[in-house]
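Trainee: Could you take me through this structure slowly, with the general idea first and the particular case after it?

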Amino acid sequence: MENLIDKRLITAKVTKLAWERIWLHMEVEVAFHEGASRDSALSFYLVNGLYEPKAKLKITGVEGDTYKLKINVTNPGTSLCLPQGTYSMVICQNKCQMAKAEIAESLVKDMSGASRNFLYGGRAKVYSVTFYVTESDEGLPFIMYVLAGGRTAISAPSTHAKKKFNPKAQLKKKYSKYNKPLKVDLYWKYRKKYKHKSKKPVVMFMSEQSTSISTNLKAVKDRMLARGMDKDYIIVESYRSSVTTARMGLQSWMDTLKKMAMSDFIFLDDHAPVLDWLVLDKDTTIVQLWHAGAGFKASGYSRWGHIGCPAPYSCHRQYKYGISGSKNIAHFFSEVWGINDSQVLPTGMPRIDEFLDETYRSRKTKELYEKYPMCKGKKVILFAPTYRGKNKASAYYPYELVDFKRLYELCGEEYVVLFKMHPWVAAEVPIDAAYRDKFLDVGTYPNINDLFYITELLITDYSSNIFEYSLMHRPMLFFAFDEIQYSFSRGFHRAYEESAPGKVCRTFEELLQAIAQKDFDYPKVEEYVEKHFDYVDSHASDRVIDWIILGQMPDDIKKRLAADAAINRELETLDFHPAPDALP
């Protein structure tokens, strides 16, 4: 690539650095000098000390000569973190290097505040992004330093004697060390043995979070069977629970690894910890059919730096595709998984197929009124918040915040209340015997979506259950008593109150008033539906099958995938080395 930087036809200064979760936003003021052309577009690259371009910055807007740029440090377009290194920003035009960005003098004093440390690995490791200037350089060149580090000793070396040798402890340590490598080796042996054995493609439905199939996985599998695809495809299944304390035995591992090795397609429903360390053959198409329809809670790489976030490399990096309800919300999912927007296919959620089926709805509505006769002739309020706590073991809900007496009095002859707590909340809802003619704990009911058919008002907080319920075109209220704490510990994809499809209440008193006054801010429901659904039909499972398994991808999606691939190829071929006569 021709280097015209010394001619100073173009100069550039970084005037703003700001973070939005894992997104770094920058503003660059570009000056065009005599002989420079404004007719050709500019491109902005992060180039490391080895003259290798590792990221092409996204241009989000241009105002005059100010360019607004952004980069996701957990995925600059390669589905991997921005690599470690010392970066400069090079501005190019017509495949020529035109300028290296400098830091505006007004920004220098704020550079330390713009640096970020993202903790992960139980807060024992850190991914650090630091900005600085050096004393030896002329001017103020933009320098960005990326480092991945770990916990290190900061105390004086111990003078105490080392612990005595314990053969049993050493044997256990050795077993743990080689346990995963042995499984990796077993996978590749199975892959070599079974890869070409079957003349039919193999489709695997897999969960490492549950011992049974459900939601999107079940919908796609059932649809494949309904279409008679089991004649042309071999369907295999593996459902295990990695969140329990029970150890998975050798036979379980052998069965699962064998199925993974023989599969052409693997459909997941959530995080699969085995894929954090087992990297599958590139010929295997891994697809994430995550159950969440895009609520508010940040997950995966969206909450990088928070407790429980993934490591720089995790299961999510292996997804070839994920799915979403619409193009408008695909970026929420790609951010969670650390993959590109183009890899998130707006097929719609397969589980919605059954939910929208009128025959199924009629049958379930009849069953629900028979099961819960107290709901007949009443308006049903469904109280269905998410859990609090770090994980399944510590999950709870603060029932003391619920004023059962006043809620009961408010019901009058108009309402009854069903309480459907998150499955991880083990404690039953403390309903007094005097309130049981209008209150009912339905925590054991298996499918919350069925309950929506008889629900007139949903009360929730940060749960993704709003996704399906919005299709009922009925009001919602949001009891967000801990929004500040929750946003800090979990993080949100977007401004909570602006995007909640209903009125947000911070106290139970506000919640009661909203119910009494029927103050639901209902228009936000219709706005939510319009944004979150490209299709409102019963064919999402068919789109997953047709687009992914049968390869009938829509042309516009093919073009977006090709564009991302072209950028990555460009980064591999561009040469930012200075001319030989310019080398020191």
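Mentor: Let us begin with charge, where Lys and Arg count as positive and Asp and Glu as negative, with His and the chain ends not counted, and where the place of a charge is NZ of Lys, CZ of Arg, CG of Asp or CD of Glu. In the protein chain, the mean positions of the 81 positive and 72 negative charges lie 9 Å apart. This is a predicted model, in which local features need pLDDT of at least 70 and side-chain atom pairs count only at pLDDT 80 or more, while totals for chains, interfaces and linings use all residues. Residues are numbered from 1 along each chain as its sequence is written, and side-chain values use heavy atoms, with hydrogens and water left out.

Trainee: How many helices and strands does the protein chain have?

Mentor: Helices (H or I, at least four residues) and strands (E, at least two) are DSSP runs, numbered from the N terminus. By that reading, the protein chain has 18 helices and 25 strands. Its radius of gyration, taken over C-alpha atoms, is 27 Å, close to the 25 Å that the globule rule (2.2 Å times the number of residues to the power 0.38) gives for 584 residues, so the chain is as compact as a globular protein of that length.

Trainee: In what order do the five strands of the open sheet lie?

Mentor: Two strands pair if DSSP finds at least two bridges between them. Here the order is 6-7-3-2-10, with mixed pairing, and the edge strands, each pairing on one side only, are strand 6 (58-63) and strand 10 (102-103). Strand 2 (residues 10-20) pairs with strand 10 in the parallel sense over two bridges, and K13 has E102 of strand 10 as its bridge partner.

Trainee: Is L289 buried or exposed?

Mentor: Buried means under 20% relative accessible area, exposed over 50%, and partly exposed in between (1.4 Å probe, protein chains only). L289, in the loop between strand 17 (285-288) and strand 18 (321-323), has 0% relative accessibility and therefore counts as buried, while 49% of the 584 residues of the protein chain count as buried.

Trainee: Which residues does L289 touch?

Mentor: Contact means heavy atoms within 4.5 Å. Not counting residues up to four places away in sequence, L289 touches several residues, among them N216, F267 and V544; the C-alpha atoms of L289 and F267, 22 residues apart along the chain, are separated by 6.7 Å.
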